[in-house]
Amino acid sequence: MENTSTDPGLVARVESLSKSYGTAGNTVSALSEVSLGIRRGEFTAIMGPSGSGKSTLMHIMAGLDSASSGRVYLGDTDITSLDDSALTILRRRRIGFVFQSFNLVPTLDIEGNILLPFELDGRKPSTQERSWIDQLITSLGLRDRLGHRPHELSGGQQQRVAIARALATRPDLVFADEPTGNLDSRTSREVLTLLATASKEYGQSIAMVTHDPIAASYADRILFLADGRVVDDRARSSAEDISSYMLGMEQRA
Ligand SMILES: Nc1ncnc2c1ncn2[C@@H]1O[C@H](COP(=O)(O)OP(=O)(O)OP(=O)(O)O)[C@@H](O)[C@H]1O
């Protein structure tokens, strides 16, 4: 009998997750029998060389792509059993996203972008949610930008809007996909500090895909993937240690 009991310390987990692309005779294995858990309240980085399966793992955990086999849980919800409309609702209500390319809606002002998850859910924020959003707007320094359009903001400011949007609904888990990929190093540090603070001060669980050792050094924990498998699971490490580990991985490959 399969054990499906949930460890309350894990916000999400995958069990024996495999993913292949292509058709019979011409398949690429992107993930092979991956089992891992993302701990609640932690900032987790997922690292690995190009093609190691990071994006595939994130997309499947976020319900954006389907597994070939295995199980994927968000809390105690087995998302592999959900249909497309249930997955859409789950993403909207329980997951936040921060992308490399910010993905703001150009025709909406900053406030409209931050409130978009509520708009898509057909509701207004409650009083309590509104005060949380106000707190986010202030702490992210966006108060005097609310009426502006995204193109009027710098890259770093746009990413702060995306972070405010991702945190606004207090999702179970925020996925960040190379969130500093389009930012200069100073702005990257600001954005990474904001993500680390969201986890430390607000208990926000975050899973960040990155190939950047500096970005990963802001995380509480670093999972390393290679060839579609988890090859290491480390506590917080310096950028130097992460770099030399990555270099070793490439040399062993
Ligand atoms: N839609 C797809 N069709 C076919 N193969 C795919 C598809 N998506 C990913 N792959 C393959 O699966 C493997 C893992 O890809 P994935 O994008 O998850 O790696 P990654 O670690 O995120 O890489 P990168 O750091 O370059 O973004 C690669 O061999 C890739 O070519």
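Predicted model: local features only at pLDDT ≥ 70, side-chain atom pairs only at ≥ 80, totals over all residues.
Student: How do I check the span of helix H7?

Tutor: The expected span is 1.5 Å times one less than the number of residues. Helix H7 covers residues 185-202, and its 18 residues should span 26 Å. The end C-alpha atoms are 25 Å apart, which agrees. Just after H7, look for Gly203, which takes a positive phi of about 70 degrees.

Student: How many residues of H6 are buried?

Tutor: Eleven of the 14 residues of H6 are buried, so this helix is mostly covered. Among them are Gln158, Arg160, Ile163 and Leu167. The elements covering the buried residues of H6 include strand E6 (95-99), helix H5 (127-139), E7 and H7. From first C-alpha to last, H6 reaches 20 Å, close to the 20 Å expected. Arg170 follows H6, with a positive phi near 50 degrees.

Student: Let's turn to the strands. What order do the four strands of the open sheet have?

Tutor: To read a sheet, follow which strand pairs with which. Here the order is E2-E1-E4-E5, with antiparallel pairing. E2 and strand E5 (77-78) are the edge strands, each pairing on one side only.

Student: How many bridges join E1 to E2, and how many join E1 to E4?

Tutor: Ten bridges join E1 to E2, and Leu10 stands opposite Arg39 in E2. Five bridges join E1 to strand E4, residues 69-74; there, the bridge partner of Val14 is Val72. Two bridges join E4 to E5, with Leu74 opposite Thr77 in E5. The hairpin of E4 and E5 has two residues between the strands, and Gly75 takes a positive phi near 60 degrees in that hairpin.

Student: Is Ala216 buried or exposed?

Tutor: Ala216, found in helix H8, is buried, with 31 other C-beta atoms within 10 Å. Leaving aside residues up to four places away in sequence, Ala216 touches Ala45, Met47, Thr210, Ile222 and Ile242. Separation in sequence and in space can be compared too: Ala216 and Thr44 are 172 residues apart in sequence and 8.2 Å apart in space, C-alpha to C-alpha.

Student: Finally, the ligand. How many residues surround the ligand?

Tutor: There are 13, and the closest are Tyr21, Ala30, Ser50, Ser55 and Thr56. Strand E1 (10-23), strand E2 (26-39) and helix H1 (54-61) each supply at least two residues of this shell.

Student: What gives the most to the shell around the ligand?

Tutor: H1 does, with three residues. By class, the shell has three nonpolar, nine polar and one charged residues.

Technical notes. Residues numbered from 1 in each chain as written. Near = placed C-beta within 6 Å. Nonpolar A, V, L, I, M, F, W, Y, C, P; charged D, E, K, R; others polar. Pairing = 2+ DSSP bridges. Buried ≥ 20, exposed ≤ 12 C-beta atoms within 10 Å, placed from the backbone. Contact = placed C-beta atoms within 7 Å.
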